[in-house]
Amino acid sequence: SFLPEKIVRNTVKPNAGFNVMVHNARSLNNKIQDIMLYIQDKNIDFSCLSETWLYSQNCPITAIIKSYGYSIIHNHRDNKRGGGTAVVYKSCFQAREMKQISLSEFTSFESTCVSFKSTGSKDVVFIVLYRTGSLTKVFVKELDDLLSHICSQSDDVVVAGDMNIHFENRKDKKVKECTDLFLSYGFRQHINQSTHINGGMIDQIFTLSLDRQMSCSITEVDSVNKFGSDHFPIYCNIKMTLDTKYFKQLTYRKLSSVDPV
């Protein structure tokens with residue numbers, strides 16, 4: 001038998017900045033252990049992943065992620081190979097998936113929207129986007145609808161992912177239309193170098209902070225550790241304070257070691 005010796009409250013202090021990774025993984029199924037070890041090594045708080053290739057909400061991959069002390073919120077393709085978007089985050093953060101808007105209504109892109117509790121009055125929202133195919137007016141319209149809804153819910157928003165838009169082609173009319181849409185909401189674009197082995201800034205990070213409580217700095221585009229993908233992982237640091245959960249840790253001592261009264 002054991003008696004509880006003491007209860008230690010693990011108060012993880014709110015962090016003034018957190019590390020974010022953005023990556024098109026081209027399947028988590030065959031490399032999840034390597035990716036999670038890398039996330040731990042880089043001390044990543046949030047990972048915005050596209051092309052997860054997951055096939056269900058609860059599968060062996062999600063269990064492995066949880067075993068590393070992280071949680072995952074994701075959307076996968078039903079009865080179709082490939083695609084998928086996810087936010088993988090340290091389990092100490094308080095998160096919820098935003099379901100006020102039906103993501104299934106969008107036909108031009110895949111997305112996952114996650115709200116993280118901040119110390120302010122409104123939460124911080126992460127949107128992971130994955131878009132393929134031709135750049136059409138339908139995409140611009142649906143993206144406008146998504147941003148309009150999300151920006152009415154939060155003053156601080158991060159949009160990241162593989163958008164398959166060559167943002168370096170600033171003279172292209174369709175590219176300019178997409179960029180102008182983000183700018184019209186007050187977003188800032190942060191990636192200004194190639195994110196793909198064949199060139200092009202097709203992976204992107206946009207941030208919005210109407211109250212100016214959040215700032216973003218790009219720290220690295222890793223052209224070495226691609227994990228079998230043709231996209232480079234992107235790392236950035238976002239300065240802001242987020243709430244964290246409190247955990248209790250119990251320690252015990254043997255009953256036989258307790259001095260008799």
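A pocket here is an open set of points on a 1 Å grid over the protein atoms alone, with protein on both sides within 12 Å along at least five of seven lines, and its lining residues have an atom within 4 Å of a point. The model is predicted, so local features need pLDDT of at least 70 and side-chain atom pairs count only at pLDDT 80 or more, while totals for chains, interfaces and linings use all residues. Residues are numbered from 1 along each chain as its sequence is written, and side-chain values use heavy atoms, with hydrogens and water left out.

The protein chain has four helices and 14 strands, taken as DSSP runs numbered from the N terminus (helices: H or I, at least four residues; strands: E, at least two). Of its 261 residues, 51% count as buried; buried means under 20% relative accessible area, exposed over 50%, and partly exposed in between, with a 1.4 Å probe and protein chains only.

The largest nonpolar core contains 29 residues, and Ile127, Leu146, Val159 and Phe187 have the most contacts inside it. Such a core is a set of buried Ala, Val, Leu, Ile, Met, Phe, Trp, Tyr and Cys residues joined through side-chain atoms within 4.5 Å. At least two of its residues come from each of strand E8 (124–130), helix H3 (137–151), strand E9 (156–162), helix H4 (173–185) and strand E11 (203–209). H3 gives the most, with seven residues. Leaving aside residues up to four places away in sequence, Phe187 touches Leu147, Cys151, Val157, Val159, Phe182, Phe206, Thr207 and Leu208. Apart from this core lies another, of 28 residues, which include Val87, Phe93, Val124 and Met214.

The buried residues of H3 are Phe139, Val140, Glu142, Leu143, Leu146, Leu147, His149, Ile150 and Cys151. Strand E7 (110–116), E8, E9, H4 and E11 are among the elements that cover them.

E11 also takes part in the second largest pocket, giving three residues, the largest share of its lining. The lining consists of Gly186, Arg188, His190, Thr207, Leu208, Ser209, Leu210, Arg212, Met214, Ser215 and Cys216. Strand E12 (215–221), like E11, supplies two or more of these residues. About 170 Å³ of space lies in this pocket, a volume being the space filled by probe spheres set on the points.

Thr195, in the loop between strand E10 (188–189) and E11, counts as buried because its relative accessibility is 0%. Its contacts, again without residues up to four places away in sequence, are Gly200, Met201, Ile202, Asp203, Asp230, His231, Phe232 and Ile234. Most residues other than glycine have a negative phi. Asn43, however, has a positive phi of about 55°; Asn43 sits in the loop between helix H1 (32–41) and strand E3 (46–50) and is partly exposed, at 41% relative accessibility. Asn164 likewise has a positive phi, of about 50°. Asn164 belongs to the loop between E9 and H4 and, with a relative accessible area of 28%, is partly exposed.

Terms used. Contact means heavy atoms within 4.5 Å. On a 1 Å grid over the protein atoms alone, a cavity is a set of points where a 1.4 Å probe fits but cannot get out, and a pocket is an open set with protein on both sides within 12 Å along at least five of seven lines; lining residues have an atom within 4 Å of a point.
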